[in-house]
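Good morning, and thank you for coming. Please look at the structure on the screen, and I shall then take you through it.

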Amino acid sequence: MEDIFNGIEPQVYKSQISVPYQWWAGETASKFFITLRDEKKILGTECPQCGKVFCPPKKTCPFCYVDTKNWKEVGPKGKVITYTVVYRKLAALKKNVPVAYGLIQLAGSDNAMLHYIEGIEPEKISIGMEVEAVFSDEKNASIHAISHFRPVK
Amino acid sequence: MEAAIIGVGMTTIEKNKVGETYADLAWEAVNKALHDAGLGIDDIDNVITTSSDFWDGRTISCMAVGDASGVRYKNCSAVEGDGTFGAAYALARTLSGDYKTTLVTAHSKGSESISSIITNAAFDPIYERSLGMDMISACAMQARAYMHATGTTSEQLALVSCKNHKNAKDNPYAQLPMDITVNDVLSSEMIADPLHKLDCSPVSDGCCAIIIANADFVKKIKAKPVWIKGVAFCSDAYFMGDRDLSKAKALEEAAKKAYSIAGITNPQKEINVAELYDAFTYQELMWLEGLGLAEYGKAGTMLEKGIFDRDGKLPVNPSGGLLSGHPVIAAGLYRIAEVVLQLRGEAGGRQVNAKRGVAHGVNGLCGQSHCVWVLDKEK
């Protein structure tokens, strides 16, 4: 077939698809975020059947398939389950690299929370390391009411 | 199971297919599959398209490849996810007895968007998305967890990359055929620790199509069938923090089920070739263990012994795998097509000696769900 692109820029249709969305946080996450911001306390939800505590909290226990009715305070200390240090400025990243992420299991919780690890040289982070939440002065009630996790001194 | 794959068609996998829209890719793959089966479009009685609206940048993306897939006035349905899951739906339809031939397509053009932004949108918007993770950084956390739990080394991960890029040199469809060394991998850019650039699959364009037929129809045609012996899929929890990332529990379950349907009791002995979803080097090792083709934590050592080489006891990704070309959504269907070619003895320079093979696809972050296909030369 004839190469119709020879010597020319192939034609493209450029667009930025911008579709506004808003996701209601719902009752469970809202209570979690508001308590984080106003009381600097981290809450999880407890399954009445198996007793597992989830943080970030969820409305239903994925194991027992029942409502998690009770709120329990967890953390602010926890341990690093796994982590990565991102060195390339990936398009989804809003911070300057390197950025360290960890899955943090808070004391008293059975699952782990995704967040930043800061206050330590990235190459010194390790699995099992003890960390604690550093709260921010963020006015919005969101996951950013925790600024990051840092090593426990 | 009374069904077979009677035709496969693949486009070449490339970084940037400027000459074709994704519907054009479907046209090429479908026509190749029809030609392969010795059929015309009128012999197909229903169609499953597999696509993702986010990757395509189009709402109801499945409709946009319909014309090119010959769906006009036919029963057509769609799956959003990996092609292996689309094919599983197609198989269920074929086995229902209502259809004799089901055409499956799966496509994506990674070149047309930004992978990091698309995969960031897979994260929960309430708790996680604004932290800025994407598929690479999430999988880097899984790689770290797996290496920590098993003692698997960066050198062993790098060997997967060397093997697969080398295998790709005999695959005319592959995007990245290369001779590279462990040192090349370890000295390539560290994107997200412990994953270097050469531990990651590229962003790719491609479309794959296969045709599944019931046993009665297979009797009537000349095409060489490859028989579907067992198919199963299984999902894990959505949030990564709810899973043990160092193990592929959902894959273990899917594999057990697929083997049980296929009557396989010792997969390491009874499977002769595997095409797995190696989006990252560590995944080939983890998925091998999840599939019961290696003991947990031992895949790295088996790899070093050459067991998974093309001339080894259990060739893994003889096509070069996803590390050599990764059209998301289509990727798992390519795995199925590759195993079909292997079992028919038509895999050219990448041919291995195999009677029975396994193909595997993944959906979701860090292997949230897995689909396993056991295919056989004989009924």
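I begin with the contact, which takes 32 residues from chain B and 32 residues from chain A; two residues are in contact if their C-beta atoms, placed from the backbone, lie within 7 Å. Helix 6 of chain B gives the most to the side that touches chain A, with 7 residues. Helices (H or I, at least four residues) and strands (E, at least two) are DSSP runs, numbered from the N terminus.

This is a predicted model, in which local features need pLDDT of at least 70, side-chain atom pairs count only at pLDDT 80 or more, and totals for chains, interfaces and linings use all residues. Residues are numbered from 1 along each chain as its sequence is written, while chains are lettered from A and ligands numbered from 1 in the order in which they are written. The model scores ipTM 0.94 and pTM 0.97.

Let us turn to helix 1 of chain A, residues 26-39. Which of its residues are buried? They are A:Ala29, A:Phe32, A:Phe33, A:Leu36 and A:Arg37, where buried means that 20 or more other C-beta atoms lie within 10 Å of the residue's own, exposed 12 or fewer, and partly exposed in between, with C-beta atoms placed from the backbone. After the helix comes A:Lys40, with a positive phi near 50°.

Key
Expected span 1.5 Å × (residues − 1).
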